[in-house]
Amino acid sequence: MWAATLLGMRVLLCPDKFAGTLPAQEVAHAVATGWREVAQGDELLIRPLADGGPGFVAVLADALGGRRIPVPTVDPLGRPTAGEILLTDDGTAYLESAQACGLHLLAPDERDPKTTTSYGLGLLVTAAVEHGARTVVIGLGGSGTNDAGAGMFAALGATPLDEAGRALPYGGAALVAVAGLDGVPRLRDATLVAASDVDNPLLGLHGASSVYGPQKGATREDVLLLDAALERFAGVLEKDLPGCPAGLGALPGGGAAGGLGAAVLALGGRCESGIGLVTRAIGLEAALDAVDLVITGEGSFDHQSLRGKVVAGVAGAARDRGVPCVVVAGRVSTGRREAASAGVTDTHSLVEHFGGEEHGGVEAAMSRPAEGLRALGARLAGQWSR
């Protein structure tokens, strides 16, 4: 265990969001509050993280400054909802697909990727372009849609049509009848960037419909229908968009956020690592070089966490520097050996803090996360700062 110096411990707090309960900023501040109750003399460096999903804009706004501009938009069922763009001084706009396409915007019985639309994302992109953005970075993650950006294209002025020239209904299933696009996407020469750490292609066994469709409410029959529909739409995009790359359906990253990655690629854009973009913006590498302990975390620390997600990246970077890394999570289901091999020194779970699953720990972790995180912060300070 690393002992405290005369100047106190230097601790980096860099969690991801706890999905469904707290954004990353509140997670970090709750742990920090608990730590300071025990060890006021320690230096706490707070650097909340995000990949491309919910919280992407807020984290970047904290790091980069700029203007956060409210934008009225619509959710995956076309209902009004609030969105925003972050516009920085260099002419870059940052936005989240989840603000318009997010699965969290839908009740469980509303989740149906055959009918949900990305139209609202098109409204956000349009707002960014109209505010003069030369580059539009779209955080992809947490989506409840599977239409490969068909709704977004419609909002940008390129409406998907059937063989008879009629506008198609919204949703992924309708694309089984797509035959062309009416109009040209209005981007005013802005460049699009998809920020995501998903490398799945649009189509096939590892594609958007097969891998992520069931999480959004798709049955096995729905998956087959949606994959066929997106294959047809990919062919239309290759035919009707001059800058669309050949073989769109197989390109890495195209399957992100229900095919929104493919939509960005079809518009001549590119895919970048969401977590890589955020870590550069917040100066994570320099912060890691200057601390004695790293605390990161997310809602559920499981086998997927160690495969390209925020926690894995932080733990690996800490391990490379010989810095211990502690994970706090709502629930922990990763084995200690597996976690240790990824650079994780220790794990702490809100569910276990509140008594475990058999004693209502899950319900308490969901309803009182800040309280639990403050308690865990105090416990960690007692373990590491003395």
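**Notes on the predicted model**

1. Both F153 and F233 are buried (under 20% relative accessible area, with exposed over 50% and partly exposed in between, using a 1.4 Å probe and protein chains only). This is a predicted model, where local features need pLDDT of at least 70, side-chain atom pairs count only at pLDDT 80 or more, and totals for chains, interfaces and linings use all residues. Residues are numbered from 1 along each chain as its sequence is written, and side-chain values use heavy atoms, leaving out hydrogens and water.

2. Now the cysteines. The whole structure contains zero disulfides (pairs of cysteine sulfur atoms within 2.5 Å). For C14, the nearest cysteine sulfur is that of C325, 6.8 Å away. C14 counts as buried at 0% relative accessibility, and C325 counts as buried at 0% relative accessibility.

3. On to the sheet: five strands form an open sheet with parallel pairing, in the order β2-β1-β11-β12-β13. Strands here are DSSP E runs of at least two residues, helices are H or I runs of at least four, and both are numbered from the N terminus; two strands pair if DSSP finds at least two bridges between them. At the edges sit β2 (43–46) and β13 (346–349), each pairing on one side only.

4. A closer look at one pairing: β1 (residues 10–13) and β11 (residues 293–301) run parallel and are joined by three bridges. Within this region, L13 stands opposite I295 in β11.
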